[in-house]
Amino acid sequence: MAFRTKNLFEKTTKLVRSYSSDKIYTHMSLTLNEQTGIATLELAKPPVNSMSFGFLSQLAAAVQQSEADKYKGLIITSRSSGVFSAGLDLKELHHPDSDRILNYLRRLQDVWFQLYDCSTPTAAVINGHSIAGGCLLALSCEYRVMVNSFKIGMNEALVGVPVSPMFIACMQSVIGQWEAEKALLVGRLFTSEEALGVGLVDEVVGGKSEGVCKAEGYLAGFREVSARARGLSKRYLRQEVVRDLVRRREEDVKKLVEIISSRGVQDSLGEHLERMKNKK
Ligand SMILES: CCCCCCCC/C=C\C=C\CC(=O)SCCNC(=O)CCNC(=O)[C@H](O)C(C)(C)COP(=O)(O)OP(=O)(O)OC[C@H]1O[C@@H](n2cnc3c(N)ncnc32)[C@H](O)[C@@H]1OP(=O)(O)O
C-alpha cells in the first residue's frame with residue numbers, strides 16, 4: 001500500500017513559523033494514505049498530548065493542510081496507548097503572562113473554528129483518556145470511535161475553572177442540553193461504555209487498529225457523495241453554533257482571561273497541579 005508520511009511543515013512552514021515558537025512539527029505527524037485519500041493525524045506530544053501553544057499551532061496547520069489538499073478524510077488519534085489528550089496545558093493557564101494567555105486562548109479558538117467548521121470529513125479514534133480540551137477535540141470531529149477502558153469528559157468543575165462557551169456548545173450539540181448540564185456541572189468523566197450510552201461517542205472498540213478501521217468505514221461512506229455538497233451541508237448544519245461563537249469571541253476571551261487570572265481560579269489550578277504531582 002502506498003503511504004506518504006508528510007512533514008506537514010514542508011508546505012505550511014510559513015504559517016507555523018509565524019504561529020509558533022516551538023520547534024517545527026514536533027508534536028504530531030500527518031500521514032496520507034494515497035490510495036484512499038484519507039490522512040491520519042497522530043498526536044505525539046509525550047506524556048499526555050497536553051495542548052501547549054505550539055501543539056495548538058501544529059494542529060491548526062494540520063487541519064489547514066487537510067482542507068488545502070482536499071483530503072477525503074482526516075482521522076485524529078494518539079501515538080500514546082493510554083492518553084488521547086489531557087486537554088489544555090495546565091502550565092499555560094497557571095500564573096500566566098497576560099499577553100501570552102490572551103494569545104493562547106485566541107489560538108485555541110482559531111483551531112477549534114478551523115476544525116469544527118472544516119469541510120473535510122473528520123473522525124476521532126480515541127485510544128486513551130480524553131479530558132476537557134481533549135474531549136473538545138474529539139467532539140469537534142464528526143464521528144468518534146473510542147477504545148474501551150478509558151475515560152472521556154470535561155472535568156473543569158473539578159479543576160476549578162468554568163466551562164467555556166465553546167466547550168459547552170460542542171457538548172450540547174452531541175449529547176443534548178440535559179445530559180450536558182448533568183455532566184458539565186460536576187465535571188463528570190465517562191467510561192468508554194458510559195460515553196457510548198449517552199451518545200458522546202459513536203462506537204466502542206477493543207483496540208486502536210479496530211478503531212481506525214471503523215473510522216475509515218465512516219469516512220468511506222462519503223465516497224459516492226459530492227465533496228462540495230457535503231462540505232457545504234456540514235457548514236450549514238454547524239453554522240448556528242459557529243456564528244454565535246464568532247460573534248462573541250473577543251468578549252469571551254477577555255472574560256476568560258479575567259476569570260483565569262483571578263486568585264480563586266489560580267489557587268484551584270495550583271491545587272490541581274499539586275494533586276497530579278502527588279499522585280505518584
Ligand atoms: C472562548 C475562549 C476560548 C476558550 C478558552 C477556554 C479556556 C477555559 C479555561 C480553562 C479550560 C480548561 C480546559 C482544560 O482542558 S484544563 C485541562 C484539564 N485536564 C486535566 O485535568 C487532565 C489532568 N491529567 C490527568 O488526569 C492524567 O494526567 C491523565 C490524562 C488521565 C493521564 O494519567 P497518567 O497516564 O497517569 O499520567 P500522569 O497523570 O502521571 O501525567 C503525566 C505527566 O503529565 C502531566 N500532565 C497531565 N495532564 C496535564 C495537563 N493537562 N497539562 C499539563 N501537564 C499535564 C502530569 O502533571 C505529569 O507530569 P510529571 O510527569 O511532570 O509529574
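Helices (H or I, at least four residues) and strands (E, at least two) are DSSP runs, numbered from the N terminus. The structure is a predicted model, in which local features need pLDDT of at least 70, side-chain atom pairs count only at pLDDT 80 or more, and totals for chains, interfaces and linings use all residues. Residues are numbered from 1 along each chain as its sequence is written.

Pro47 is placed in the loop between strand E3 (38-43) and helix H2 (53-68). The peptide bond that leads from Pro46 to Pro47 is cis, with omega near 0°.

The description now turns to a sheet. Four strands form an open sheet in the order E5-E7-E9-E10, with mixed pairing; two strands pair if DSSP finds at least two bridges between them. Strand E5 (83-85) and strand E10 (189-191) are the edge strands, each pairing on one side only. On average, neighbouring strands of this sheet are turned by 25° against each other, direction ignored. Within the sheet, strand E7 (residues 129-131) and strand E9 (residues 151-153) pair in the parallel sense over two bridges. Ser130 stands opposite Ile152 in E9.

The loop between E7 and H5 holds Ala132. The phi of Ala132 is near 50°, a positive value in a residue other than glycine.

Helix packing comes next. Two packed helices are described by the angle between their axes and the distance between the axes. Axes are lines fitted to C-alpha atoms, for helices over the stretch in contact, and angles run from 0 to 180 degrees between N-to-C directions.

The axes of helix H5 (residues 133-140) and helix H7 (residues 165-175) come within 10 Å and cross at roughly 50°. H5 is therefore oblique to H7; angles under 35 degrees count as roughly parallel, over 145 as roughly antiparallel, 65 to 115 as roughly perpendicular and the rest as oblique. The crossing of H5 and H7 is left-handed, a term for a near helix turned anticlockwise from the far one by less than a right angle, with right-handed used if clockwise. Leu136, Leu139 and Ser140 of H5 make the contact with Phe167, Cys170, Met171 and Val174 of H7, where contact requires C-beta atoms, placed from the backbone, within 7 Å. This contact has six nonpolar, one polar and no charged residues.

H7 also packs against helix H8 (residues 177-184), at an angle of about 130° and with the axes 7 Å apart. H7 and H8 are therefore oblique to each other, and H7 passes H8 in a right-handed crossing. In H7, Ile168, Met171, Gln172 and Ile175 meet Gln177, Glu179, Ala180 and Leu184 in H8. The residues of this contact divide into five nonpolar, two polar and one charged.

Terms used
Two residues are in contact if their C-beta atoms, placed from the backbone, lie within 7 Å. Ala, Val, Leu, Ile, Met, Phe, Trp, Tyr, Cys and Pro count as nonpolar, Asp, Glu, Lys and Arg as charged, and the others, Gly among them, as polar.
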